[in-house]
Amino acid sequence: MPAIFIEEGNDLMGKILDGKALANLRADKLKEKVTDLKKQNIIPLFCVINIGDDPGSKVYVRTKKRRAKSVGIIQKIYQLPTDEQQSDLLALIDKLNADPKVYGIMIQLPAPKQINVNQAVERIDPNKDVDCLTPSNVGRLWQGNHFVEPATIDGIMALLDHYQIDLKSKDVVIIGCSNIVGKPLAALMLERDATVSVLHLETKDISEYTKRADVLISAAGQANLVTADMVKDGVVVIDVGINHIRGHLVGDVAFDDVLPKASYITPVPGGVGPLTVESLMEQVIKLTRRANGLRE
Ligand SMILES: Nc1nc(=O)c2c([nH]1)NC[C@@H]1CN(c3ccc(C(=O)N[C@@H](CCC(=O)O)C(=O)O)cc3)C=[N+]21
């Protein structure tokens, strides 16, 4: 009988979902759209409002700056102090809403405690709401009539589609129920006919759910939250976590531990992050074209 050799890193190991490579691929197509806009003297410009010094937001500002530049989009950053007053924030939003050169506005989350995020977000013109956080755009998203997609969610869906990971009738388990990730992701997964469970850090027994997951997405913001004993063989793992451990960026998933059990897994960095940034640029271009009466 011939000996059977199993190569390491072949069938038994999880395949790494390369978010960075896909982000670069999508960006190449986007550059053509930007060139097309500039030929018509339309400059895609969006504004980022960052209040205080959240570490996750800092990474986002940095990577957006890099990608916006390479794609040809202008990002204007409004860095506001941690003790920013609500009324000043609202006045800034009003000013940006009224400026026809501004096509997108986003408030980075989380914001400091004194800020009423819902009130601030509601003030953004839905036509400039790149993050899909205004009530009308959230409503449209849940009704399956997307006006704009939350960047992180669009990036995750693009990654699953690129690797042809089918979602129909799959058990999808999401850890985290934020307005920017967990909740809109649940909506999009339902749209794909997946069966969705949304958990969070107050869930009684997280692993009771994660053990059933065909696709597990963690966006809870806790390093080493997901370990090998919590998942079944063949699971697809998407890690949205952004945690800083001793100067290093890590996700929510104990990557080396879970990798041998997973069929696919995203790394941090190089997974969801770069796709989020690229997808935000896609949303800016979408809103810019629409505001100028152009087809998407
Ligand atoms: N309204 C709002 N919407 C958001 O989508 C939002 C937010 N607020 N606040 C902050 C978090 C965080 N976030 C990141 C996106 C990309 C990377 C990213 O580019 N990560 C690279 C990091 C590479 C490096 O360190 O240079 C990677 O994972 O490979 C990080 C973090 C979006 N967020």
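A residue is near a molecule or strand here if its C-beta atom, placed from the backbone, lies within 6 Å of it. Go to the ligand and select Gly56, Tyr60, Thr63, Pro269 and Gly273, which come nearest among the 22 residues around it.

Before going on, some ground rules. Residues are numbered from 1 along each chain as its sequence is written. This is a predicted model, where local features need pLDDT of at least 70, side-chain atom pairs count only at pLDDT 80 or more, and totals for chains, interfaces and linings use all residues.

**Around the ligand**

Now color by secondary structure; helices (H or I, at least four residues) and strands (E, at least two) are DSSP runs numbered from the N terminus. Which elements each supply at least two residues of the shell around the ligand? Pick helix H2 (55-71), strand S4 (104-107), helix H6 (151-162) and helix H10 (272-291). H2 gives the most, with 5 residues.

By type, the shell divides into 13 nonpolar, 8 polar and 1 charged. Here Ala, Val, Leu, Ile, Met, Phe, Trp, Tyr, Cys and Pro count as nonpolar, Asp, Glu, Lys and Arg as charged, and the others, Gly among them, as polar.

**The annotated sites**

Select Gly176, Cys177, Ser178 and Ile242, which UniProt lists for "binding site" in an unreviewed entry. UniProt positions are in the numbering used here, feature names are shortened, and annotations may be inferred rather than shown by experiment.

Zoom in on Cys177, in the loop between strand S5 (171-175) and helix H7 (182-191).

Ser178 lies in the loop between S5 and H7. Ser178 also counts as partly exposed, with 18 C-beta neighbours inside 10 Å. Not counting residues up to four places away in sequence, Ser178 touches Lys183 and Ala219.

**Zoom out**

Finally, show the whole chain: 10 helices and 11 strands, with buried residues making up 40% of the 296.

Terms used: A residue is buried if 20 or more other C-beta atoms lie within 10 Å of its own, exposed if 12 or fewer, and partly exposed in between; C-beta atoms are placed from the backbone. Two residues are in contact if their C-beta atoms, placed from the backbone, lie within 7 Å.
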